[in-house]
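Me: I would like to go through this model with you, one question at a time, with the cut-offs stated as they come up.

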Amino acid sequence: MAISYAPSKTATRMWALTGATFTVPRNILVASLDTTPVTIPVPTYLIEHERGLVLFDTGCNPRAATDPEGVYGPLAAATNFKMAPEHTVDAQIRALGYRLEDVKIVIPSHLHFDHAGGLYLFPHARFYTMHGELQGAYWPPPNARGFFLVEDYLPTRNFDWFELPDDHDLFGDGSLILLKTPGHTMGGCSLLVRLRHQIVILAGDAAHLREGIEVVNPMPFNVDTRQAALSIYKLRALRDSLGARIWISHDPEDWAENPHAPQAID
């Protein structure tokens, strides 16, 4: 990881898009004996750059808003899945006045079903992921198979995919930097967003709650716990050196304290 040059530009603004919610025991989200139910958000993030719109994560499959059992089977009831039709990723983008075709780049933090459900909506876009994520999604280890739904990414086999070996400056100007943060999955990534007035690190699922970042407590359902811990240390180091803040996608406190679309973040 090397981000040593002076950035030349920033992203214009960013929107946090409301998505589905799940209610799951706390000890699914961090290593703990606490089984208290926690309702977690499943947001996506739309970022405006002078070279086009970038979408980080695509949330749950939009079809699940009207037929959750048909899409997710028993998983829908087990997680108390809820998603309003107006909160699908496509509806959220259109509500901001954009067309789906305006999204030029899609970055799934990883390919679990709650992050990859809307990939099929963007056949015109370029897709970026880290090396190993596609392989791990199509052929996951036995203990991870329940989190991957091949139906989410089979429609994208002929899309324009790029697998990256390491951190990547998306536009070469320091405004958007993909960060390699494996552990939760083989090729998980986070995104550093340099805005005009702040730097935000979208953590994806490198951690699931603030506790995961602050005391380096990864969730127990990772493909590589050691790598997951190292990824958390990496995000903490970037936060401290750059004066950034980390946004943990599934953390309900982060969601409650930060602005949501239609309010932009700049």
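Me: Which strand supplies the largest share of the lining of the largest cavity?

Reply: This is a predicted model, in which local features need pLDDT of at least 70 and side-chain atom pairs count only at pLDDT 80 or more, while totals for chains, interfaces and linings use all residues. Residues are numbered from 1 along each chain as its sequence is written, and side-chain values use heavy atoms, with hydrogens and water left out. A cavity is a set of points, on a 1 Å grid over the protein atoms alone, where a 1.4 Å probe fits but cannot get out, and lining residues have an atom within 4 Å of a point; strands (E, at least two residues) and helices (H or I, at least four) are DSSP runs numbered from the N terminus. Strand 1 and strand 2 each supply at least two residues of this lining, and the largest share, four residues, comes from strand 1.

Me: What is the volume of the largest cavity, and how many charged residues are in its lining?

Reply: The volume, which is the space filled by probe spheres set on grid points joined across faces, edges and corners, is about 50 Å³ for the largest cavity. Among its 14 lining residues, Gly19, Thr44, Gly59, His87 and Val89 lie nearest the centre. Counting Ala, Val, Leu, Ile, Met, Phe, Trp, Tyr, Cys and Pro as nonpolar, Asp, Glu, Lys and Arg as charged, and the others, Gly among them, as polar, the lining has seven nonpolar and seven polar residues, and the number of charged residues is none.

Me: Which residues lie closest to the centre of the largest pocket?

Reply: A pocket is an open set of points with protein on both sides within 12 Å along at least five of seven lines, and the largest pocket has a volume of about 320 Å³. Strand 1 (13-25), helix 1 (26-29), helix 3 (74-78) and helix 5 (113-116) each supply at least two residues of its lining, which by class holds eleven nonpolar, five polar and two charged residues. Of the 18 lining residues, the closest to the centre are Val24, Ile28, Thr79, Phe113 and Phe147.

Me: Which residue of strand 9 is the bridge partner of lysine 180?

Reply: An open sheet of five strands has the order 7-8-9-10-11, with mixed pairing, and its edge strands are strand 7 (168-169) and strand 11 (245-247). Within this sheet, strand 8 (residues 176-180) and strand 9 (residues 189-194) run antiparallel and are joined by five bridges. The partner of lysine 180 is cysteine 189.

Conventions. Pairing = 2+ DSSP bridges.
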